[in-house]
Amino acid sequence: MHNDIKEVLISEEEIQQKILELGATLSEDYKGRNPLVICVLKGAFVFMADLVKRIEVPLEIDFMAVSSYGASTKSSGVVKIVKDLDVSVEDRDVLIVEDIIDSGLTLSYLIEILHGRNAKSVRVVTLFDKPSGRTVNLEADYTGFNIPDAFIVGYGLDYAEHYRNLPYIGILKPEIYSS
Ligand code: PRP
Ligand code: MN
Ligand code: MG
């Protein structure tokens, strides 16, 4: 285990098992629909890579980079598009892939943008959900795990851009982000 991690909250095996289940559900729900699967960079890149391998329907992928946290542990409330999509979402069944929903601000902003661009449908799959953090009314269509109110890192999730490469979800030692 990484030295800055206090505790492993969700193991690599649990994550991979959950992704198998999500992939099976999504394969069923998107049968015959050629969805456009959008990865919300940077946090969702690890989940995206593992998830699309488990979705057994023809699909396309694209990437969008937005940021609301910066180097803080709290959302700033300001969502910034850092990189936009390459393709049009018009008349597409869009599936947004997120690593975690906290306040809900990032996704409510993204969903609004994609509807404004005339997507046929917009759904969200998130691996983690922290319902206690919500400031806007937003629910994912597909959720992997509910997470308690702790600052977690790993499997794509960062603190000040570190720890994204951990294959599990860990709780950071408090001295790491309070110093
Ligand atoms: C994190 C996370 C989600 C978002 C969730 O991204 O990856 O995208 O915050 O928080 P919210 O529901 O309160 O909006 P972040 O802004 O840290 O950018 P990153 O993905 O590049 O780490
Ligand atoms: Mn993110
Ligand atoms: Mg982040």
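Visitor: Which residues does valine 122 touch, not counting residues up to four places away in sequence?
Guide: Valine 122 touches Val94, Ile96, Ile111, Leu114 and His115; two residues are in contact if their C-beta atoms, placed from the backbone, lie within 7 Å. The model is predicted: local features need pLDDT of at least 70, side-chain atom pairs count only at pLDDT 80 or more, and totals for chains, interfaces and linings use all residues. Residues are numbered from 1 along each chain as its sequence is written, while chains are lettered from A and ligands numbered from 1 in the order in which they are written.

Visitor: Why does valine 122 count as buried?
Guide: A residue is buried if 20 or more other C-beta atoms lie within 10 Å of its own, exposed if 12 or fewer, and partly exposed in between. Valine 122 has 22 C-beta neighbours inside 10 Å, and therefore counts as buried. Its place is in strand S6; helices (H or I, at least four residues) and strands (E, at least two) are DSSP runs, numbered from the N terminus. Valine 122 and leucine 95 are 27 residues apart in sequence, yet their C-alpha atoms are 5.9 Å apart in space.

Visitor: What makes the peptide bond from leucine 41 to lysine 42 cis?
Guide: The omega of that bond is near 0°. Lysine 42 lies in the loop between S2 and H2.

Visitor: Which residues have the most contacts inside the largest nonpolar core?
Guide: They are Ile38, Val40, Phe47, Val94, Ile96 and Val97, in a core of 43 residues. Such a core is a set of buried Ala, Val, Leu, Ile, Met, Phe, Trp, Tyr and Cys residues joined through C-beta atoms within 7 Å. The largest share, six residues, comes from S5. Leaving aside neighbours within four places in sequence, isoleucine 38 is in contact with Asp62, Met64, Leu85, Val94, Leu95, Ile96 and Val97.

Visitor: Why do the buried residues of H1 line one face of the helix?
Guide: The buried residues of H1 are Ile15, Ile19, Leu22 and Leu26. Seen down the axis of H1, they fall within an arc of 70°, so they line one face; the arc is that of the directions from the helix axis to the C-beta atoms. Glu13, Gln17, Glu21 and Glu28 are exposed on the other side of H1. The buried residues pack against S1, H2, S6 and strand S7 (142-146).

Visitor: What makes S1 and S8 edge strands?
Guide: In the open sheet, three strands stand in the order S1-S9-S8, with antiparallel pairing. Strand S1 (5-10) and strand S8 (152-153) each pair on one side only. Two strands pair if DSSP finds at least two bridges between them, and two bridges join S8 to strand S9 (residues 169-172).
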